[in-house]
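This briefing concerns a predicted model.

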Amino acid sequence: MDGKITYQFTSRIWKHDAPGGWYFTSLPKDISKEIRTQLKWQEQGWGRMTAIAKIGTYEWQTAIWFDTKRDTYLLPIKAEARKNTHIALDEEIVISIKV
């Protein structure tokens with residue numbers, strides 16, 4: 001994994017309630033606070049920050065977005081990642097991200 005700082009955490013997969021909603025996991029608030037304090041300068045538009053995510057041995061290029069309503073970063077979990085890691089909605093998973 002390339003990147004500057006690695007964070008590992010356990011979180012649940014959830015689905016946005018919009019039609020055709022995306023699947024996400026929310027970063028823990030303490031990790032989000034640390035990222036926002038230390039690395040906010042890396043954010044692009046809409047609180048977007050590039051990242052590399054890893055679940056098990058599956059790794060992909062992605063981004064995290066800061067959600068002001070939830071006061072945390074959100075990590076989208078694309079269909080390919082869900083398929084390759086055999087994870088499902090509401091499942092608790094261990095994730096590593098590099099930002």
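D67 belongs to strand β4. Its relative accessibility is 17%, and because the cut-off for buried is under 20%, D67 counts as buried. The side chain of D67 comes to 3.2 Å from the backbone nitrogen of R70.

**D67 and the loop residues**

- Which residues does D67 contact, leaving aside neighbours within four places in sequence? They are T72 and L74.
- D71 lies in the loop between β4 and β5.
- The phi of D71 is positive, near 60°, in a residue other than glycine.
- With 44% relative accessibility, D71 is partly exposed, whereas D67 is buried.
- D90 sits in the loop between α2 (79-85) and β6.
- D90 is not a glycine either, yet its phi is positive at about 70°.

**The barrel**

- In which order do the 6 strands of the closed barrel run? The order is β1-β2-β5-β4-β3-β6, and the pairing is antiparallel.
- From one strand to the next, the twist averages 45°.
- Strands of a sheet pair through backbone hydrogen bonds, in a parallel or an antiparallel sense.

- The antiparallel pair of β3 and β4 has 8 bridges.
- Within this pair, A53 is opposite W60 of β4, and I55 has Y58 of β4 as its bridge partner.
- The hairpin of β3 and β4 has 2 residues between the strands. In this hairpin, G56 adopts a positive phi near 60°.
- β3 also runs antiparallel to β6, to which 3 bridges join it.
- A53 has a bridge partner in β6 as well, namely I97.

**Helix α1**

- Buried residues in α1 are I31, S32, I35 and L39.
- These residues are on the same side of α1 because they cover an arc of only 100° around the axis.
- Which exposed residues does the face turned away from the buried side of α1 carry? That face holds K29, D30, K33 and T37.
- The cover over the buried residues of α1 includes β1, β3, β4, β5 and β6.

**The largest nonpolar core**

- In soluble globular proteins, nonpolar side chains tend to be buried together.
- The largest nonpolar core has 25 residues.
- Which of these residues touch the most other members? They are L27, I35, I64, L75, I77, I97 and V99.
- Two or more core residues come from each of β1 (6-15), α1 (29-39), β3 (48-55), β4 (58-67), β5 (72-76) and β6 (92-98).

**Contacts of I64**

- Not counting residues up to four places away in sequence, I64 touches L27, I35, G47, R48, M49, A51, Y73, L74, L75, I97 and V99.

Key:
Residues are numbered from 1 along each chain as its sequence is written. This is a predicted model: local features need pLDDT of at least 70, side-chain atom pairs count only at pLDDT 80 or more; totals for chains, interfaces and linings use all residues. Side-chain values use heavy atoms; hydrogens and water are left out. A nonpolar core is a set of buried Ala, Val, Leu, Ile, Met, Phe, Trp, Tyr and Cys residues joined through side-chain atoms within 4.5 Å. Buried means under 20% relative accessible area, exposed over 50%, partly exposed in between (1.4 Å probe, protein chains only). Helices (H or I, at least four residues) and strands (E, at least two) are DSSP runs, numbered from the N terminus. Contact means heavy atoms within 4.5 Å. Two strands pair if DSSP finds at least two bridges between them. Axes are lines fitted to C-alpha atoms, for helices over the stretch in contact, and angles run from 0 to 180 degrees between N-to-C directions. A polar contact is a pair of N or O atoms within 3.5 Å; within protein, one must be able to donate a hydrogen and the other to accept it, and residues adjacent in sequence count only if both atoms are side-chain atoms. The arc is that of the directions from the helix axis to the C-beta atoms.
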